[in-house]
Amino acid sequence: MRVDVDHGAMKVVGFTTPWITRPSGAIQLHLSTSAPVTGVSVSRIDLDEPRKTTWPVQVLSAPAVHRQFEQGSYVTIAAQELEKLGDVEELFFELFLTRNPDRRVVLATGDLSLELENGALCAFLSQQEVARSEPLPQKSWLLFRLSKTAQGLCVDVTSTDEFAPQHLSMSVCTSAGGGFGKDITLLSNRDAQAKTLNAKIGRIALKGTLLEAQWRFPTLHTTEPIASIGTDRPVFLQLVNGPTFCTLSRRWDGSSMDPKVVPSHYDAIHFHDDDMAPLDWPASYGAMVPSDAPAGVYSFDVETANSTEQIVFFVSSHSVQAPLLVVLPTATYLAYADEYLPRHLYPHKCEDRGHSFAFHNNLRSLYDYHSDASGVSLVSYKKPKVTIRADYNYPLCGCPHNLPVDLHFLRFLHREGVKFDLITDHDLDERGFGALEGYQGVLTGSHPEYVTDKMEAAVRRYIATGGSLAYLGGNGFAGGVALKDGYMELRRSALEAGRTWDGPVGELALALTNELGGFLRHRGRGEFSLVGKAISLMGFDGARPYERTPTSYDEDVSWIFEGLRDSCFGDTGIVLGGAAGYEVDATDPHLGTSPDTIVVARATGFPASFFHDPTRWYEGGEAEENQRRCAEMTIRQLPNGAKIFTTGSVAWLGALPEAGEMNDVGRLTLNVINRFTISQKRENRRATDPQTAL
């Protein structure tokens, strides 16, 4: 289904390719607009005052015009592929229907269309109904077999429900005894105005007079045509518009959750009417990033007569130039981008034009559901990411979230003269430990929730080799994702007592890599074993200040609080009005907090609307649960000299001071940053100077 972009909420939207680049790299801008573009320039936006660059912006051959979204995935076998079979005599496929509230196409070939309407299978010839079955069985795999006869086609459908097996048969008299057309499309008739079918497809087979072709879907995601098996001359089919690979097939029996062990249990693909592959909009503008461009956060500023929109991109450091490294959580940015957030499910505390645009254009994030109530597990950066903006406000909490909070942090660092390099999660996934090697300290953003296995392994190795980590956010290092070919994938499961959609119990494997997804802690990794704590509370009301613990006055940790004016700090901020809010973390020895982790500050008194993480269990019952309604700031000082400092709150960086000001949150953050570089220099001297070592 192709639809014009609805520009009611935003006159200009777009994306860059790549999203993340380096100095000397080329970057292109892909746009849709409902108003003439009057100017395009590039700005650096991680400074107190956004600064226009002098980078030349080239006008490319494709004009910026009003474009379309193609939504909905399906299968097609082209005419040149069917010719390899000779005359097609039989088609077989496995189908599992999900939710389809209106008329949808199951199969289209020639002038024949098999369609689902009110549960019944209807045959149409040249758009005229010629046959209709009883309602198809629901909640079971259906085996479709279409056979060519002298009169036309015989359609047989068999349900695999072991308790209530059913069989339906229907004859379709096609013109002049014809059968299959020159090509075959499943789940769509390629009508630009029609929604595709929500369903899973398992295996497909075709029998021709010259050749028989069978398809077994791989468990690894691919955008390439899929070849048939078992023949010297392969026949190819194409999957259109990004369906979800590696889903439970009719062969799944619960004996294994690993597609690498039992690939036949996961050889089904889930198709949705709101799937959207990476967009193929042509580029309208381009620029070269100068070789001396500072790493940072930039935007293409696209001007129309009455508005300006910023399309954000990132320039990463390519070598060690500073003692500290900031890693921006672009995986989390992408997970939240374009949240649908329907109001009947999520009360809004503010308006944001990005969410309005996402809602009116049927865009989905990894926090949303497809229209058939299955979870969205796959997204691409090659789309408008309309909620990744400097002026973004999250409707659920009525305040900044993700990128604007991290921009607040970067501006603070620049203002205070802190020397640092900058990369993104995507860089860390690509380069691994090599991206961190050589830095005295690594600093996170406000919400590094999602990480790949490679990212988490790199951070672990960095700490194990003596590097210090300042985890300056909340609910971090929690969810396992995969990044590949511009896609990001997330799997959730009912086993996790999740905070959003729950997928089928057996579908935790990621199709991009076949690694296990879900919470990292369920694999003995993740938050508790890495940084000593995990999310404890979540809420969208008032944030709370921190209070120093008695232990914080001990000599070996009191340096964290040097220069602070009070034992209570963090009672203001741009995120819910304080330093501890939205999602906050706490320790739990039962779940893996190391005994040498020291709690140096704690925030309590959260509103009743803040709810506990459902994955935690409290041995002391309700009394202990009420005692643990807190956010905890911790430090762990390792024998190798490394330090792991954590703030325990998504709101922490939002409580840093504004330009021209200083507060205790700023002082504490600078204390930690400065100690990282001082401690590392001291350790280096001990390692090289025998006198110092003594």
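Which residue lies over the face of tryptophan 19? Lysine 385 does, at 5.1 Å from the ring centre. The views below come from a predicted model.

**View 1. Aromatic pairs in the model.** The structure holds 25 aromatic pairs. Tryptophan 19 and tyrosine 381 make one of them, and this pair is stacked. Their centres are 6.4 Å apart, with 15° between the planes. Tryptophan 19 sits in the loop between strand E2 (12-17) and strand E3 (20-21). Tyrosine 381 sits in the loop between strand E29 (378-380) and helix H4 (403-415). The pair therefore ties together parts that are 362 residues apart in sequence. Tryptophan 19 is buried, with a relative accessible area of 2%. Tyrosine 381 is buried too, at 13%.

**View 2. Phenylalanine 69 stacked with tryptophan 281.** The two rings form a stacked aromatic pair. Phenylalanine 69 belongs to strand E8 (residues 68-70). Tryptophan 281 lies in the loop between strand E24 (268-271) and strand E25 (283-288). Parts that are 212 residues apart in sequence are therefore tied together by this pair. Both phenylalanine 69 and tryptophan 281 are buried.

**View 3. A cluster of linked rings.** Ring pairs join Tyr336, Tyr367, Tyr392, Tyr394, Tyr450, Phe540 and Tyr582 into a cluster. Tyrosine 367, one of these residues, also has a charged neighbour over its ring. Arginine 492 lies over the face of tyrosine 367, at 4.7 Å from the ring centre.

Notes. Residues are numbered from 1 along each chain as its sequence is written. This is a predicted model: local features need pLDDT of at least 70, side-chain atom pairs count only at pLDDT 80 or more; totals for chains, interfaces and linings use all residues. Side-chain values use heavy atoms; hydrogens and water are left out. Rings of Phe, Tyr and Trp (its six-membered ring) pair if their centres lie within 6.5 Å; planes under 30 degrees apart count as stacked, over 60 as edge-to-face and the rest as tilted. Helices (H or I, at least four residues) and strands (E, at least two) are DSSP runs, numbered from the N terminus. Buried means under 20% relative accessible area, exposed over 50%, partly exposed in between (1.4 Å probe, protein chains only). A charge sits over a ring if NZ of Lys or CZ of Arg is within 6 Å of the ring centre and within 35 degrees of the ring normal.
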